Amino acid sequence: MKNNIKFTLSLLIISFSLMAATKEEAVDYLVNTYPQAQLVDIYKSFYQDNFGPGHILGDTVSAKRYFLYELGDTINWGGPEFEFTGEGKNFVRLNMDLIRRGIIPAEVYFEAFQNSLGRVEKPTDDFWISEWNQIDSIIKVKDYHFINEENDRKYIEEKLASRNFPIHHSDNFNNNYNFHYRIISLPEFEKLKEKYLTEQSNQTK
């Protein structure tokens, strides 16, 4: 019971603190929550909120095969139960550890992930480039600095110039945080939260 209450409270705290965040608030959250993150990891969070999981779900069979492999192969689990991507407008990173802990069934989780494809209209190239430039300006004004920052910024500029926007997490992020997740749309997440992520239905180990 104590674990259930703690879990539920953590969901509520994150919900109130990150829903409908401004760009500046979202940058502050990412920098303070993940001090070992790189600039590409900040970029990725905002990219995910605007574009969703489309680039991962291009081949559903392969996506599910890797999902099951990652679920079975992962030993170290980290990260929050969930967190909103970017400004929290469209998507949530949902921790796959919720499956391992018996809170959400794997099939239900993957179906929510799959149903999240196409839930928002993708922004135009010019809109996304403008969005990222605004975010990067905030980072510079607040004088935030990152490992490998110069190389990462150049890499991001090349991705923007080529209109090939997806970016992987840095090795620093993956090695330090072990955050295994998939991107879930807000409507799909609300369904899961109502059914599984409550004090009554949460079954922690």
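Predicted model: local features only at pLDDT ≥ 70, side-chain atom pairs only at ≥ 80, totals over all residues.
Residues are numbered from 1 along each chain as its sequence is written. Local features need pLDDT of at least 70, side-chain atom pairs count only at pLDDT 80 or more, and totals for chains, interfaces and linings use all residues, while side-chain values use heavy atoms, without hydrogens or water.

**View 1. The largest pocket and its lining.** The volume is about 600 Å³. Closest to the centre, of 21 lining residues, are Lys44, Tyr66, His168, His169 and Arg182. A pocket is an open set of points on a 1 Å grid over the protein atoms alone where a 1.4 Å probe fits, with protein on both sides within 12 Å along at least five of seven lines; lining residues have an atom within 4 Å of a point. Volume is the space filled by probe spheres set on the points, which are joined across faces, edges and corners.

**View 2. Strand S3 (181-185).** Strands are DSSP runs (E, at least two residues) and helices likewise (H or I, at least four), numbered from the N terminus. Tyr181, Ile183 and Ser185 point one way from S3, and Arg182 and Ile184 the other way. All five residues of S3 are buried (under 20% relative accessible area, 1.4 Å probe, protein chains only).

**View 3. Ser116 in the loop between H6 (106-115) and H7 (125-141).** Ser116 counts as buried because its relative accessibility is 0%. Its side chain reaches the backbone oxygen of Ala112 at 2.7 Å and the backbone nitrogen of Ser185 at 2.8 Å.

Conventions: Buried < 20%, exposed > 50% of the residue type's maximum accessible area, 1.4 Å probe, protein only. Polar contact = N/O pair within 3.5 Å; in protein donor to acceptor, adjacent residues only side chain to side chain.
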